[in-house]
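I opened this entry to keep track of what I looked up about charged side chains and their surroundings. The notes follow the order in which I went through the model.

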Amino acid sequence: MEQDLNQFVQAILIASDPAQSSLHQQALQYLTAVQQNSSAWRLALAVFVEPGPSGGRKHPPHARFYALRVLDEFLDNRFEPLDDDTFETIRQSLLNYIQSEYLYGPAEADASFLRNKFAHTLTLFFLCTYIDKWPTFFTDFFALIHPPESTSQTTFNPHVSLLLFHILLEISGEVADQLIKAARPFSEQRHARDARVRDAVRDRDAARINEAVLTIVADGVERMTRLRKEGTAPTSERELDQAIEVVDYGVRTFASYVGWIDINLTVTRDTVPLLFTLLSDPSLPIRLATALALTRIVAKGLKEPGDKLQLIKVLSLGQVLEALEEKTRSEQKGRGSDTDEGEESYREALGKLLNVLGLELCKLTDDCPDEGIRSEAGQLLNQILPVMLRFLADEYDDTCSTVFPFLQTVLLSYKRQRKSSSEPLDPTKRSFLSSLLGVILEKLKWDEESDPEDMDEDDKAAFEDLRKELRTFMDSTLMIDPELVTEAVRTLALNTLTAYQNGVALKWNDAELAVYLVYTFGEINKSGGKGRAAFCQAPAVQKDKRKETDYSEYPLTSHGEMLYALVQSGISAYPHKTVQMQFFETVARYGDFFKVRKECIMPTLQAMLDARGLHSPESSTRSRVYYLFYRFIREDRNEITPDVSVSLLEGIRDLLVIQVELPELENPDSQDILQEAVSAPTIFDSQLYLFEAVGTLISLLQKTPDQAAALLLSFVRPLLDELSASLQAVKGPNDVLAILKVHHIIMALGNIAKGFPEYPNPVPEGYTAPPLDVFREVGQAILVCLEAMNVFRVVRDATRFAFARILATTGSAVAPLIPTLMANLLAHFEPTELIDFMNFIGLSIHKLQEDMLDVLDQLVGPLSAHINGILAQPVTGTDDQVTHVDTKRAYLGLLNSIISSKLHTVFISDRNKAQLENLLESMLQLAEDPSDPTSEKAAFSFFGRCVTAWAEPPKAPGDQQVLPGFERFIYERVVPTAFAVLSLPQFNIKDGQIVVVLQEIANFLQTVSKTRGQEAFDFLVNIFLPSQNWPQTTAVEFATKMRELDPKAFRKYFTDFVRASRAGS
């Protein structure tokens, strides 16, 4: 045994020291083998408890810690009783160890980490043995706490007391702590065993445990009091620290079990005064532990509401918390700017205690059927509401947020009462809400000492989150008393803005709060009107008459007044970036306001244009204001005159210089610098908004086309010159800056086009087209670059983007460029570009119609072959699966776009008709596959459109059907497939996606019926449905409904019909 022990210890020491590389692996293998041995616990027990020759323990602490791990593994999740020999060996060894180490020894003073580990191991042993083998566990343990008469101690042994507390904490954690239980895998056996242990402790020992814990705590309190009076001799200090530790852990232990043992044991005439004494003890850990204990007592579930009310009354926590809040707030104020995190954590603990007390009282006031209990609980609740507000007002957000659940519940209760009663709000409640609003408005304010532009992102995000929470409370208050909130917000905002306008010096955070309130009022006031009605009390005006209506004669709403004061006050000039940015965010958010007070547009634009905004020296400010300026222009473009538009364009011309930024690569060998550069966020991304704003502003000169064309050319020409120069600078793939410059300029040109309105189809009478010649020149220049640089994906991507915008703006004006464009986009191609490319073709079809016919005729065959080849490849991994699904959906979308346009003849042209059969077969396969409902729906939609396009019977003698004989394919292949799908076991009509497919099948069948008329009716009634064993009457009824019902009614009939058929089969 001795040799085994030494070998075991040596292996542990080697395994814990990776430096011994030659033996490390061997030691690990040896330990694994030992642990698999059923008697490994004997070795581990011996290593842990074996005494040394001169006192203390024989083996090193790390070896003993490992030994405890082995014992843990032996004991944990053991649900069969230990045999008598094993039980007695372990029990006696551990008791002897406790006596020698804790009663007479130093309690592992040199390896304190072993104390907690040993407490855990002893707890696991307790869980295995308490019910059947060691029912006297606590009795035996209590005997060790009282010191032997031979020692000089006159009190409880502190080492054994602390060990007891640690064990009780572990037991509570194992059998009653929901967090710990949730963190480990659920075991039915363990759950049942823990419940039995919990019940057994309640029945046998709960009273003794509670008495022992409280007796030791009371004794410790007595010692603390005596030692504090005696002074600060080193011996006394050590004894005092020990006494404080005992009381701290004693109260923590008490807190751990109050939730699962009888409340009559834990709340008595002795415990309540003791706890209240400790709640204001000089020792912070004791105060925190006591606050937690009281919180758990208050939160303890009791069956009878009367018992809960009695418990709350016995504790009288409302008065105690009021006094402690006032005391700690006074101390906090006395500390000034010096933060004491410990004392703040105590205030936080008090806030949590108040929160739980408030929630329990709310349960009684809201849910209890007894009117007397509700009334009494309501009085207690009203008494603590002012204390809750003082915690809410705490300058530390962690403390403030402790009462959020309590406040939320109170407001929810008020809302319910308001809904169920038409009586005016109770004056007491209105007074509370008024005080609450005052606190919220103050808490919404930034700390004056903070600098949001130079603070930690996490701290900034935490404050923004706090603001969101506070805003929800304002929302709730507004629902209870709209007038109170509106008036409070309006008054504070207007008073602050007026004061600034009158030259009163404001703190930056007061100024920012006023602007923020204007910004957020639209979110809070959800009952306000939409559009112009949110800001102006005007009668309803028809949409086409709104431009002509003069809204200046109508009074403003509260929000309108605030926005008007915001602009007129000149607060945008406040010398603090946060105030200025909040101003820009606000005016960009509420563009409709400027449609009712047009005189506010110019001051706002002037603020955006100067050094406060677009011309700020700080790139972060410029970057954000580029977007906000674009948003403001887009929203209010119809209120901007051509003269102002020209002035604005000149004001931003200097901001359109394009700079290329290169990112730092983590792995230069594996990363594509071009792709990384266009993916990395840079100021150019924001600058694109400015280019779009340029397009919007130029489009406002549509009544003077020559001026618009000249102005557009004045912005485009420098970009085209730079594009040409950059193209010439590209000699190969290493000319990264020049390639990226080409990409950026093409993107910028595309965004200018995006700023123009979409080209209408059909073109209305009197329409003034945009400067088409300029856009043709732009398109031609981009094509020149693409032809020379189509090997670079970033150039292909930028070209697709730009042409999509130019197409939307110019319609068919650039149609002659499309063949060259398509040829070059396909010259070099990556599979991941397919989806964007197909979307681009779809847009081209929509915008160009017949002008796309020749291009599409050449393109559709090779593109289909290419895509089918990709879709046929095996899918490996999640990313592949996503790409595969997205590609298939984009392809089906493109096919449906073609078949529903005037270009459907490309499928049956001389060039492509040979591929038609393959296309139809592949679509049939998709139609038969319920595992992909989206594609299945698209396939039936495609066939329905094919019927409309190709199977319409000739209208006059001598005319020919577009695709002669196509109806036979529909009758022989697609209609049978449609009915066969309905009976597939995978076709689950309880699935919402499958129902959508079902309705698309209904659409398809009805399209066949409507297109082919009597022929389709006869086919179904006389040929197909009888072949499927349908009764004649059912077949006639079905075909008649298909012919006579409108599409919506038939879809419903068909869905109900299939459901009934499936249910009956």
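**Charge pairs and a charged patch**

I began with E331 and K327, whose side chains meet in a salt bridge at 3.1 Å, N to O; I keep in mind that the model is predicted. Both residues lie in helix α17 (residues 317-335), 4 residues apart, which is about one turn of the helix. I noted E331 as partly exposed because its relative accessibility is 33%, and K327 likewise counts as partly exposed, at 45%.

Next I looked up R793, which forms a salt bridge with D797, the closest N and O atoms being 3.2 Å apart. Helix α36 (residues 793-810) holds both R793 and D797, again 4 residues apart. Here I found R793 buried at 17% relative accessibility, whereas D797 is partly exposed at 23%.

For R1012 and E1015 I recorded a side-chain salt bridge of 2.9 Å, N to O. R1012 is buried, with a relative accessible area of 11%, while E1015 is partly exposed, with 34%. Over the structure I noted 74 salt bridges.

Last, I turned to the surface, where D456, E457, D458 and D459 gather in a patch of negative charge.

Key. Residues are numbered from 1 along each chain as its sequence is written. This is a predicted model: local features need pLDDT of at least 70, side-chain atom pairs count only at pLDDT 80 or more; totals for chains, interfaces and linings use all residues. Side-chain values use heavy atoms; hydrogens and water are left out. Patches are made of residues with over 30% relative accessible area and no salt bridge: like charges are joined within 9 Å, nonpolar side chains (Val, Leu, Ile, Met, Phe, Trp, Tyr) within 5 Å. Accessible areas come from the Shrake-Rupley method with a 1.4 Å probe; for residues, only the protein chains shown count as cover. A salt bridge is a side-chain nitrogen of Lys or Arg within 4 Å of a carboxyl oxygen of Asp or Glu. Lys and Arg count as positive and Asp and Glu as negative; His and the chain ends are not counted. The place of a charge is taken as NZ of Lys, CZ of Arg, CG of Asp or CD of Glu. Helices (H or I, at least four residues) and strands (E, at least two) are DSSP runs, numbered from the N terminus. Buried means under 20% relative accessible area, exposed over 50%, partly exposed in between (1.4 Å probe, protein chains only).
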